[in-house]
Amino acid sequence: MKKKRINVYAMIFARGGSKGIKNKNIKNFCGRPLISYSIRSAVRNKFISKVFVSTDSDKIKKISKKYGAKVPFKRPKKLSQDNSKEWFAWQHLIRHLKKNQDLPDVVISLPTTSPLRIDHDINYSLKKFLLKKNSDVLITITKPTRNPYFNMVEIKKNNFLKIVNDKKKYISNRQNAPNVFDISTVAYVSTPSFILKSKKMFDGNVDFYEIPKKRAIDIDTQLDFDIAEYLYKNKVYYDK
């Protein structure tokens, strides 16, 4: 008996407004709009059958359709503000699919801000999520540049500093600090049922796939953008 194929849809969320970089999601990145890198990665992927973009911008909608994504609606303004929780935009898209009786088995979110992801990152994230049956979500992580138990500080009420996570036993070097990781925006994998019933991704069992630092740049500032372009142009990021 032939094994049933798992149906996977890709989701890409792209607001028109962005404070750090104006029109970031469609800014020219090495000759193409930034969003096109996420779309093309999903469109060519052998495991992904449909690619959806959720946006409040007509310009982003037009560009997304040009590169092969489906844009079935214009995202409501209340889900497109600077302080809007993207999880609610996930739920909005899933409810649309459910209403149209088009729910997949698995969804993978591929943010526009990680143009250095490679096919292996998508494939391995999906495979690991599917193999670990008790996972509700899989996220990508990367090694941090700072550790909140050792060299990250916050300002106290008296305007002096303290370690963010101050353990009773003082940690005097990085090697003795607990391992922590940055969340990467390379990929997030989950199921429609978990997304609809949960208020946030950490309500469930969250698995992970570690991404090399050079491929995990999350473009938020112009400096991030410039570094990512350099790595992309020089193929520095590409090996697994």
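**Close-up 1. Cys-30 sits in the loop between strand 2 (28-29) and strand 3 (32-33).** This is a predicted model, so to speak of local features we need pLDDT of at least 70, while side-chain atom pairs count only at pLDDT 80 or more, and totals for chains, interfaces and linings use all residues. Residues are numbered from 1 along each chain as its sequence is written, and side-chain values use heavy atoms, with hydrogens and water left out. Strands here are DSSP runs of E with at least two residues, helices are runs of H or I with at least four, and both are numbered from the N terminus. Cys-30 has a phi near 50°, a positive value in a residue other than glycine. Is Cys-30 buried, partly exposed or exposed? Cys-30 has a relative accessible area of 23%, so it counts as partly exposed (buried is under 20%, exposed is over 50%, and partly exposed is in between, with a 1.4 Å probe and protein chains only).

**Close-up 2. Gln-101 is in the loop between helix 3 and strand 5 (106-109).** Here too phi is positive, at about 50°, although Gln-101 is not a glycine. Gln-101 counts as exposed because its relative accessibility is 77%.

**Close-up 3. Val-51 lies in strand 4 (residues 48-54).** With a relative accessible area of 5%, Val-51 is buried. Look for Leu-110 as well: Val-51 and Leu-110 are 59 residues apart in sequence, and their C-alpha atoms are 9.9 Å apart in space.

**Close-up 4. The largest pocket has a volume of about 780 Å³.** On a 1 Å grid over the protein atoms alone, a pocket is an open set of points with protein on both sides within 12 Å along at least five of seven lines; a cavity is a set where a 1.4 Å probe fits but cannot get out, and lining residues have an atom within 4 Å of a point. Grid points are joined across faces, edges and corners, and a volume is the space filled by probe spheres set on the points. This pocket is lined by 31 residues, and Phe-13, Arg-15, Ser-84, Glu-86 and Pro-111 lie nearest its centre. Helix 3 (86-99) and strand 9 (182-190) each supply at least two lining residues, and helix 3 gives the most, with four. By class, the lining has 11 nonpolar, nine polar and 11 charged residues (Ala, Val, Leu, Ile, Met, Phe, Trp, Tyr, Cys and Pro count as nonpolar, Asp, Glu, Lys and Arg as charged, and the others, Gly among them, as polar).

**Close-up 5. The second largest pocket comes in at about 370 Å³.** Of the 15 residues that line this pocket, Ile-6, Leu-126, Leu-130, Leu-131 and Lys-133 are the closest to its centre. Helix 4 (residues 119-131) provides the largest share of the lining, five residues. Sorted by class, the lining has seven nonpolar, two polar and six charged residues.

**Close-up 6. The largest cavity holds about 40 Å³ of space.** The count comes to one cavity of 30 Å³ or more. What lines the largest cavity? Tyr-149, Ile-163, Asn-165, Asp-166, Lys-167, Lys-169, Tyr-170 and Ile-171 do. That makes four nonpolar, one polar and three charged residues.
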